[in-house]
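This report looks at how some parts of one protein chain sit against each other. Keep the structure in view while reading.

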Amino acid sequence: MRMSEGVEWAIHSCINLSWLEPGEAVTAARMAAFYELPPAYLNKQLQALARAGILTSTPGPRGGFRLARSPGDISLLDVVTAIEGREEAFRCEEIVARGPGEHEGIDYRRSCFVSQAMRRAEMAWRRELAGQTLADLRSTVERRLPSAPGDARTRFANLRT
């Protein structure tokens, strides 16, 4: 399974937004300049986060994006789902039904051992993401790179967009 680069961009953006002063917002253009990313594509990711209730978007000269909830209330799965959608990664096409044997009334998504193994793996992956919040990740960054919050605020302040 491969997630889009938008997931990485969204998680980094959320961590940086968590370091802003209360009431402060960052435009998509400034966030894109921060990472040297294409503004239109990053804006698409930020809008998806806003639709999911992870960010708020405020129009106007002092507008931009900010976190809509506490970082402790936003799981990594929330961010991944906002960007990638809720669709399952593994889609059982029930190809076993085309093979030999009795097929009437069988739900192969439930009885196929391949499908069961793939669903267990996906559930473990989703549980791991659901068990980690932006606050957990932010705490790790701050512990390992104590200057990161101040550096991010300074860089945003110095960006001209």
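At roughly what angle do the axes of helix 4 and helix 6 cross?

## Helix 4 and helix 6

The model is predicted. In it, the axes of helix 4 (residues 76–84) and helix 6 (residues 113–130) cross at roughly 115 degrees and come within 6 Å. Helix 4 contributes Leu76, Leu77, Val80 and Thr81 to the contact, and helix 6 contributes Trp125, Arg126, Leu129 and Ala130. Of these residues, six are nonpolar, one is polar and one is charged.

## Helix 1

Helix 1 covers residues 5–18, which makes 14 residues. From first C-alpha to last, helix 1 reaches 20 Å, close to the 20 Å expected at 1.5 Å a residue.

Helix 1 is largely enclosed by the rest of the structure, because 11 of its 14 residues are buried. Among the buried residues are Trp9, Ile11 and Leu17.

## Salt bridges

The count of salt bridges is six. One of them joins Arg153 and Glu21, with 3.8 Å from N to O. This pair links distant parts of the chain: Arg153 is in helix 8, Glu21 is in the loop between helix 1 and helix 2, and they are 132 residues apart. Arg153 is partly exposed at 31% relative accessibility, and Glu21 is partly exposed at 45%.

Glu88 and Arg119 form another salt bridge, their closest N and O atoms being 2.5 Å apart. Glu88 lies in the loop between helix 4 and helix 5, while Arg119 belongs to helix 6, 31 residues apart. Glu88 is partly exposed, with a relative accessible area of 39%, and Arg119 is partly exposed at 23%.

Terms used. Residues numbered from 1 in each chain as written. Predicted model: local features only at pLDDT ≥ 70, side-chain atom pairs only at ≥ 80, totals over all residues. Heavy atoms only, no water. Axes fitted to C-alpha atoms, helices over the stretch in contact; angles between N-to-C directions. Helix = DSSP H or I, 4+ residues; strand = E, 2+ residues; numbered from the N terminus. Contact = heavy atoms within 4.5 Å. Nonpolar A, V, L, I, M, F, W, Y, C, P; charged D, E, K, R; others polar. Expected span 1.5 Å × (residues − 1). Buried < 20%, exposed > 50% of the residue type's maximum accessible area, 1.4 Å probe, protein only. Salt bridge = Lys/Arg side-chain N within 4 Å of Asp/Glu carboxyl O.
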